[in-house]
Amino acid sequence: MQPDNDISFETALGQRVEDMLDACTRCGKCVEVCPSVRPAGIADTSSEDIISGVLDIVRGGEGLEASRKWAASCMLSGECIKACDYGVNPRFLLAMARLAIAKANAELPERRRQGVERYRDLGRDVTVLSRLQADDEVLQRLGQKSASVSTPIEAPDFVFYTGCNVLKTPHIALLALDIMDTLGVTYQVMGGPTHCCGILQLRSGDAEMSGRMGSNSIEKLSHSKSGQVISWCPSCHVQFTETTLPALERQRGARPFEMTPFMRFLDGRLAQLIPHLQRRVEMRVGLHRHPGVAGVMEAAAEILRAIPGVELVDLKQPAVGLQSASLGVLPAFKRELQLNELQAARDAGVDALVTVYHSEHRELCAHERDWPFRIVNILEVVGESMGLHRQDRYKQLKIMQDADQIVSECSDLIARHALDPGKARDAVVKAMLGDQPLPVGSL
């Protein structure tokens with residue numbers, strides 16, 4: 001692709017949108033396969049009309065009410081992408097429809113204010129919850145101290161990009177690093193609010209700021225020998241690979257790197273990993289699945305099957321959405337899915353329900369208190385077989401279900417990080433205990 005350095009990020013983004021609008025035939029196959037359609041209450045509208053309305057919205061029109069509902073109810077499952085025969089990414093077009101709606105609903109200063117507010121809220125929650133569980137040494141290892149994000153003398157094999165929210169559950173990110181250490185992979189860790197992907201700004205309708213923040217982070221990430229970034233967060237992965245990197249490619253003529261989800265990265269090195277899986281893990285497990293990033297759940301299943309002693313049980317539950325947080329657009333449907341899966345896991349007699357991403361681990365882990373099985377992240381199972389262990393402090397705290405008790409338990413770290421106890425409690429109430437779509441005790 002020939003570079004065009006004279007165009008802005010928004011212009012490059014707009015050109016990509018126009019290409020997809022021109023390629024779309026309005027056949028409606030993307031709507032037909034979408035798991036959001038029924039719970040969103042728009043199944044009675046023809047699929048052709050719904051997608052036609054979405055294209056109208058993207059072009060600045062009103063579109064059908066059903067089309068607006070479809071855009072608002074997108075769980076980012078990605079089934080629409082697989083269904084299209086013409087190279088269109090309907091998930092991207094739905095994101096652009098939501099951008100158009102946000103622009104129509106408020107002027108830029110208000111949209112920018114909303115983006116800044118969401119960014120600050122996220123930064124505060126991530127900062128507080130990570131510091132309730134991790135000391136400075138751990139935070140530095142996770143790329144959250146200035147010395148840990150400086151450019152290394154020698155470029156590493158990979159950059160490991162955490163995103164933001166996995167830092168609320170530090171044990172997951174630490175296990176990923178421990179596994180890469182065992183495999184002899186060199187990496188630099190980047191992530192957190194200082195390396196924002198720009199998704200909050202895009203959701204607020206501020207495409208210019210989204211592009212600016214995402215592009216700034218991309219510059220920081222472009223320093224590995226392989227030209228590869230290993231991603232953890234699926235939301236960041238989709239934001240970069242479907243919005244920011246393609247727009248930058250139009251501006252520069254090439255992408256600065258490619259992104260590979262950690263599960264696919266690990267599965268691609270399964271032959272190297274298997275000799276390290278030396279300890280038997282006698283466990284019947286069910287896998288909590290979200291298929292939004294292609295190949296990740298398949299990779300997770302293959303890795304689990306490679307662990308000696310693990311028996312993977314099919315819970316026969318729907319796999320929808322990018323990650324659990326993405327289902328928040330349909331809250332009643334989300335609660336139904338979570339309850340049905342917990343019941344299916346109980347009925348199947350599994351020893352553990354295994355999560356992949358951080359958002360479902362945060363939402364589900366406290367249910368371990370009330371159900372006859374553990375709720376663990378897949379890297380805990382891998383780590384157990386490798387002789388690696390990281391304490392799931394987040395789950396220990398959340399099971400308490402008492403903000404004052406949690407703050408008391410974390411008093412040493414609150415003092416060490418000079419956190420305000422009142423603000424720490426507020427974050428616990430909102431970002432930990434409030435992050436519970438299906439109430440604890442929903443047997």
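Me: What makes a stretch of residues a strand here, and where does Ser231 sit?
Reply: Strands are DSSP runs of E with at least two residues, helices are runs of H or I with at least four, and both are numbered from the N terminus. Ser231 has its place in strand β3. Please keep in mind that this is a predicted model, where local features need pLDDT of at least 70, side-chain atom pairs count only at pLDDT 80 or more, and totals for chains, interfaces and linings use all residues. Residues are numbered from 1 along each chain as its sequence is written, and side-chain values use heavy atoms, with hydrogens and water left out.

Me: Why is Ser231 called buried?
Reply: Buried means under 20% relative accessible area, exposed means over 50%, and partly exposed lies in between (1.4 Å probe, protein chains only). Ser231 has 2% relative accessibility, so Ser231 counts as buried.

Me: Which residues does Ser231 touch, not counting residues up to four places away in sequence?
Reply: Contact means heavy atoms within 4.5 Å. On that basis Ser231 touches Tyr161, His237, Met259, Thr260, Pro261 and Phe262.

Me: How do you know that β1 and β3 pair?
Reply: Two strands pair if DSSP finds at least two bridges between them. Strand β1 (residues 158–161) and strand β3 (residues 228–231) are joined by 3 bridges and run parallel. Val159 has Val229 in β3 as its bridge partner.

Me: What makes β2 and β4 edge strands?
Reply: The open sheet has 4 strands in the order β2-β1-β3-β4, with parallel pairing. β2 (187–190) and β4 (258–261) each have a single partner strand, so one side of each is left without a neighbour in the sheet.

Me: Why are α11 and α12 called roughly perpendicular?
Reply: Axes are lines fitted to C-alpha atoms, for helices over the stretch in contact, and angles run from 0 to 180 degrees between N-to-C directions. Angles under 35 degrees count as roughly parallel, over 145 as roughly antiparallel, 65 to 115 as roughly perpendicular and the rest as oblique. Helix α11 (residues 207–221) and helix α12 (residues 234–252) pack at about 85 degrees, with their axes 10 Å apart. The two helices are therefore roughly perpendicular to each other.

Me: How do you know that the buried residues of α4 line one face of the helix?
Reply: In helix α4 (residues 65–72), Ala66, Ser67, Trp70 and Ala71 are buried. Seen down the axis of α4, these residues fall within an arc of 140 degrees (taken from the directions from the helix axis to the C-beta atoms), so they line one face. They pack against α2 (29–32), α3 (47–58) and α6 (90–105).
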